[in-house]
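Opening the notebook on this one.

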Amino acid sequence: MRVCVIGTGYVGLVSGACLADLGHEVRCVDLDPERVEQVNRGVPPIHEEGLAEILERQVGRRLTATTDLAAGFAGADLVLVCVGTPFDGRRIDLRAVLAAAEALGACLRERSDYCVIAVKSTVIPGTTMGAFRVALERTSGKRAGVDFGLGMNPEFLAEGVAVHDFRHPDRIVVGGIDSRSLDTLAALY
């Protein structure tokens, strides 16, 4: 499967690297050119046990990184949104998630095939089918569940041992707007 991962923090990069190790073709997209350059050299920009070894095996084979969302998105069967959602003790900041939705919507506008977009970032219930979906539909001019898939795939990774947690999950949770979205997310794992 061709997977685009938005964000190269501990969730995005670990997920992308581990998915590449499972045989998927993965393109990670990040706004930070230094981070992208490090990933493409096989140098982890974060400390995660086992990540360096996966990057060594997969960078240039099944894993690449770019700052160009359109290039990362092109031909992807599935997009995982793994951007930061800082929590100040009272509320989760969804600005990066909604910015990703708007940017992806602009890319979706140019596609005629069915692509599934799933939120993996930590968000409050209702965000994916609410504000995230609205932003995607508004910027793409398309409808979720008709023209593109929409899903949720929450992460259960602990920093520092995220590679282990990804490889040995105690649960995998997926949700989707339609059977195509659910089937795509299930096939990922």
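This is a predicted model: local features need pLDDT of at least 70, side-chain atom pairs count only at pLDDT 80 or more; totals for chains, interfaces and linings use all residues.

**Cysteines**

C18 comes out buried, because its relative accessibility is 3%.

Next I looked for disulfides, taking a pair of cysteine sulfur atoms within 2.5 Å as the cut-off. The count is zero disulfides. C18 is in none, and the nearest cysteine sulfur to it belongs to C28, 11 Å away.

Seven strands make an open sheet with mixed pairing, and the order reads 3-2-1-4-5-6-7. Which strands stand at the edges? They are strand 3 (63–66) and strand 7 (175–176); each has a single partner strand, so one side of each has no neighbour in the sheet.

I then picked one pair to look at in detail. Strand 5 (residues 116–119) and strand 6 (residues 149–152) run parallel and are joined by four bridges. For V116, the bridge partner in strand 6 is G149.

**Helices on the sheet**

Helix 1 (residues 10–21) packs on the sheet, where I find it touching strand 1 (2–6), strand 2 (25–29), strand 3 and strand 4 (78–81). The direction of helix 1 makes about 165 degrees with that of strand 2.

Helix 8 (residues 179–188) packs on the sheet too, and its contacts are with strand 1, strand 4, strand 5, strand 6 and strand 7. Against strand 4, the direction of helix 8 makes about 80 degrees.

**Helix 1 against helix 3**

How do I describe two packed helices? By the angle between their axes and the distance between the axes. For helix 1 and helix 3 (residues 51–58), the axes come within 9 Å and cross at roughly 50 degrees. That is why I file helix 1 and helix 3 as oblique to each other. The crossing is left-handed.

Then I listed who makes the contact. From helix 1 there are L13, V14, A17, C18, A20 and D21; from helix 3, L51, I54, L55, R57 and Q58. So C18, which I logged as buried at 3%, turns up again in this contact.

Last stop was A52, in helix 3. Buried or partly exposed? A52 counts as partly exposed, because its relative accessibility is 33%.

Terms used. Residues are numbered from 1 along each chain as its sequence is written. Side-chain values use heavy atoms; hydrogens and water are left out. Buried means under 20% relative accessible area, exposed over 50%, partly exposed in between (1.4 Å probe, protein chains only). Two strands pair if DSSP finds at least two bridges between them. Helices (H or I, at least four residues) and strands (E, at least two) are DSSP runs, numbered from the N terminus. Contact means heavy atoms within 4.5 Å. Axes are lines fitted to C-alpha atoms, for helices over the stretch in contact, and angles run from 0 to 180 degrees between N-to-C directions. Angles under 35 degrees count as roughly parallel, over 145 as roughly antiparallel, 65 to 115 as roughly perpendicular and the rest as oblique. A crossing is left-handed if the near helix is turned anticlockwise from the far one by less than a right angle, and right-handed if clockwise.
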